[in-house]
Amino acid sequence: MPRVATGETSLARAVRILESFTPDEPELTVTELARRAGLHLATASRIVGQLVDHGLLSRGPDREVRVGIRMWELASRAAPTRSLRDAAMPYLEDLHAVVGHHAQLAVLHGDEVIFLERLSARDAVVNYSRVAGRLPLHISSSGVVLMAYGPAGLQERVLARPLESRTPATITDPARLRALLDQVRRTGYALLPGHVHPDAAGIAVPVRDGLGEVVAALSVIVPNDAGAVSAVPALLAAARGIGRALRAAGSVPTLPG
């Protein structure tokens with residue numbers, strides 16, 4: 001049912017259209033965009049046309065709509081995490097060469113973890129995360145690290161709500177999750193075997209900026225076996241390297257809110 005929003009701006013409607021796309025659905029029809037954005041079809045069609053004219057959206061051969069190259073260009077130019085990613089890339093590449101599977105950089109966004117970068121190998125173990133993709137904090141090793149070092153209010157919000165399960169190994173009991181967060185703060189890393197997929201283990205460590213604040217999580221996704229924990233020293237070394245690079249650059253990344 002299209003929503004009736006008295007006094008709503010065209011910009012707000014355009015934002016709702018842009019937010020309708022998902023990592024799994026990068027192409028949508030105008031009809032579907034109208035439904036998801038809660039707009040009348042004629043209104044959605046007009047706004048989509050304007051966004052296409054400005055290059056923020058584009059149309060495929062069958063008139064399907066997708067995010068345009070101009071949107072990517074603007075986002076890349078203004079990304080608040082660019083200094084963090086630039087500092088991390090050499091160490092992320094070295095880490096990826098060591099583990100031979102997936103190496104990732106992620107930050108906190110709201111009550112979720114969002115991935116800024118991911119390096120993978122052709123025959124790497126299964127991994128459901130993706131660049132600009134999100135996961136609930138309690139499910140991913142990166143999210144658990146960011147929650148462990150995050151403010152108490154964040155932890156309590158997550159612990160107070162129902163915890164989604166992806167596999168039988170996913171921690172959905174608040175008391176167990178609280179104990180895991182304590183363990184992460186003691187050991188300096190999170191190891192989540194089989195929490196997202198039974199065949200994969202996520203391991204993450206905190207990344208600190210020049211002020212010593214945790215600004216990101218560095219993680220690897222490796223096979224879920226007894227050798228997974230052997231990646232921890234390489235992770236810790238890479239995280240320290242990123243921290244040194246941030247301090248040398250005098251950089252304190254401005255992270256998304």
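The largest cavity and its surroundings

A: Twenty residues line the largest cavity, and N127, S140, V196, G202 and I221 are the ones nearest its centre. A cavity is found on a 1 Å grid over the protein atoms alone, as a set of points where a 1.4 Å probe fits but cannot get out; a lining residue has an atom within 4 Å of a point. This is a predicted model, in which local features need pLDDT of at least 70 and side-chain atom pairs count only at pLDDT 80 or more, while totals for chains, interfaces and linings use all residues. Residues are numbered from 1 along each chain as its sequence is written, and side-chain values use heavy atoms, with hydrogens and water left out.

The largest cavity holds about 180 Å³ of space. Such a volume is the space filled by probe spheres set on the grid points, which are joined across faces, edges and corners. The structure has 1 cavity of 30 Å³ or more.

Helix α6 (141-148) and strands β8 (200-208) and β9 (214-223) each give at least two residues to the lining of the largest cavity. The largest share, 3 residues, is from β8. Helices here are DSSP runs of H or I with at least four residues, strands are runs of E with at least two, and both are numbered from the N terminus. The lining of the largest cavity has 10 nonpolar, 10 polar and no charged residues. In this count Ala, Val, Leu, Ile, Met, Phe, Trp, Tyr, Cys and Pro are nonpolar, Asp, Glu, Lys and Arg are charged, and the others, including Gly, are polar.

One residue of this lining can be followed further. S140 sits in the loop between β6 and α6. S140 counts as buried because its relative accessible area is 6%. Buried means under 20% of that area, exposed means over 50%, and partly exposed is in between, with a 1.4 Å probe and protein chains only. Neighbours within four places in sequence aside, S140 is in contact with V113, F115, L135 and L192, where contact means heavy atoms within 4.5 Å.

The largest nonpolar core has 30 residues, and L84, L95, I203, L218 and V220 touch the most other members. At least two residues of this core come from each of α5 (82-99), β4 (102-109), β5, β8, β9 and α9 (232-248). Helix α5 gives the most, 7 residues. Another core, of 23 residues, lies apart from it and includes V113, L135, L159 and V184. A nonpolar core is a set of buried Ala, Val, Leu, Ile, Met, Phe, Trp, Tyr and Cys residues joined through side-chain atoms within 4.5 Å.

F115 and L135 also belong to the lining of the second largest pocket, along with residues including P23, Y128 and R166. A pocket, unlike a cavity, is an open set of points with protein on both sides within 12 Å along at least five of seven lines. The second largest pocket holds about 200 Å³ of space. Strands β5 (112-119) and β6 (134-136) each supply at least two residues of its lining. The largest share, 3 residues, comes from β6. By class, the lining of the second largest pocket has 5 nonpolar, 2 polar and 5 charged residues.
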